[in-house]
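Subject: Structure for your files

Hello,

Here is the structure I said I would pass on. My notes on it follow below.

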Amino acid sequence: MIRVGSIGLGGMGSHQARAFDGVDGCKLVAGADPSPEMRERFAGNFPDTQLFDSTEAIVNSGKVDAVVVAVPTGLHYAAVSTALAAGIPVLVEKPMARTVEECKRLNEEADRRNTVLMVAHCRRFDPYWKSWGAYVASGKLGAPILWRNAMAGFGPGRWYMDHEMGGGPLMDGAVHNYDFANFLFGDPESVLSSSVNLDPESTALDTCSAIVRYRNGNQLLMSWSWAARGNGLHDIIGPKGFIQFGTGDLPEPEDDMPHQYCCYTDREGEQTLIKSKSEPDMYAYQAEHFLSCVRGDVTCLSPGTEAIKAIAVADTILQAGPGGESREVSWT
Ligand SMILES: NC(=O)c1ccc[n+]([C@@H]2O[C@H](COP(=O)([O-])OP(=O)(O)OC[C@H]3O[C@@H](n4cnc5c(N)ncnc54)[C@H](O)[C@@H]3O)[C@@H](O)[C@H]2O)c1
């Protein structure tokens, strides 16, 4: 039985704790957070856990075999390196860390300690994203492929809109897409981006459009704002077909199991519904995979050595400035 501790007991830390509490092979035994309010709330939800006020205290307590880190992104490096230095396997929330340099040092430390460092890129474990990802990977859309995403809405605020601590939507929100595109397309090569800040209060870049180019010619188009209300656009297009997120002209699935679905349309206009069950959710699969990695049963599907590439994309976009520049992506 693997004893799991949760570091950072806010929104995502509590969500992760519930996921681990619900899977076999582990016991949620402890939590750590400097905030007495957050510790008290966590104790109310998980009364059998022991609470600590720092990362050092929980990882050196001898009470935990593995930890989940869900502190604000700018603090990931400190918490993860402390846990790794104690030889404790880590599942750290996305984004892996705030800079490529921090990610590099964490990967080196995990390597030195021969310890698991997995990054919670939950979409790699999402049955829905995996189901349409399999369509893309199978070649049904042809090549090259353009994955287009436009998102706009008022963001989570707080530390998320601080440049150093959260990095804004092009770091925190879009990192899911960078990582999944890396998963599907391979290594990113360069980005072309243009940005504008709409909110004078935000020290983070709040609005930006970027094209991430891959070595095989595929592209990820991201246009993201956490400072303006707007509609979302998502599709994936290729020379042999496209995927739209909805049912297309097809009816919704009628069976009683709740599904998430999208629609593949081929060159002739023939439509196929791609659907997957909503339960168990990606967090349960992700937790199970992390536990298997800790036991040494499987090769990690979301290691720090992969997640660093998503931070390289984000970091390159954040550093490019407002002017519409093309830059190489590098993580070595
Ligand atoms: N996978 C996802 O879809 C997803 C969704 C939301 C957030 N996240 C990520 O999860 C992480 C946490 O986000 P959140 O929304 O839960 O933040 P939050 O602000 O709700 O919670 C962060 C918690 O960390 C605590 N904390 C601060 N410093 C600490 C330290 N040194 N040691 C231990 N605890 C400390 C805070 O007191 C707070 O309770 C972020 O990296 C975020 O990007 C991921």
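Gln-286 sits in helix α9, which covers residues 282-295. This is a predicted model, and that applies to everything in this email. Gln-286 has a relative accessibility of 0%, so it counts as buried. Setting aside neighbours within four places in sequence, its contacts are Gln-16, Leu-91, Met-118, Ala-120, His-121, Cys-122 and Phe-125.

The domain assignment puts residues 2-122 and 282-301 in domain 1, and residues 124-281 and 312-328 in domain 2. Where the two domains touch, 19 residues come from domain 1 and 20 residues from domain 2. Their C-alpha centres are 26 Å apart.

Next, helix α4, residues 76-85. Which of its residues are buried? They are His-76, Ala-79, Val-80, Ser-81, Ala-83 and Leu-84. An α-helix has 3.6 residues a turn, so residues three or four places apart point the same way. The cover over the buried residues of α4 includes helices α3 (55-59) and α5 (100-113), together with strands β4 (66-69), β5 (90-93) and β6 (117-120). After α4 comes Gly-87, with a positive phi near 75 degrees.

Some backbone details in the loops:

- Lys-94 to Pro-95 is a cis peptide bond, with omega near -15 degrees. Pro-95 belongs to the loop between β5 and α5.
- Ala-143 to Pro-144 is also modelled as cis, with omega near -5 degrees. Pro-144 is in the loop that runs between α6 (127-137) and β7 (146-152).
- Asn-114 has a positive phi, near 55 degrees, although it is not a glycine. Asn-114 lies in the loop between α5 and β6. Is Asn-114 buried or exposed? Its relative accessible area is 73%, so it counts as exposed.

Then Leu-192, which is part of strand β8 (residues 188-196). Its relative accessibility is 31%; the class of partly exposed runs between the 20% limit for buried and the 50% limit for exposed, so Leu-192 counts as partly exposed. Apart from neighbours within four places in sequence, Leu-192 is in contact with Ser-209, Ala-210, Ile-211 and Arg-213, and also with Gly-324, Glu-325 and Ser-326.

Finally, the figures for the whole protein. There are 10 helices and 15 strands. The C-alpha trace spans about 60 × 50 × 35 Å along its principal axes. The radius of gyration is 20 Å, and a compact globule of 332 residues would have one near 20 Å, so the two agree. Of the 332 residues, 51% count as buried. Taking contacts between residues at least 6 apart in sequence, 67% join residues at least 24 apart. The accessible surface comes to about 14600 Å², and 49% of that belongs to carbon and sulfur atoms.

Regards

Note on methods
Residues numbered from 1 in each chain as written. Predicted model: local features only at pLDDT ≥ 70, side-chain atom pairs only at ≥ 80, totals over all residues. Heavy atoms only, no water. Helix = DSSP H or I, 4+ residues; strand = E, 2+ residues; numbered from the N terminus. Buried < 20%, exposed > 50% of the residue type's maximum accessible area, 1.4 Å probe, protein only. Contact = heavy atoms within 4.5 Å. Rg over C-alpha atoms; globule rule 2.2 N^0.38 Å. Areas by Shrake-Rupley, 256 points an atom, 1.4 Å probe, with all protein chains shown as cover. Domains from an automatic or database assignment.
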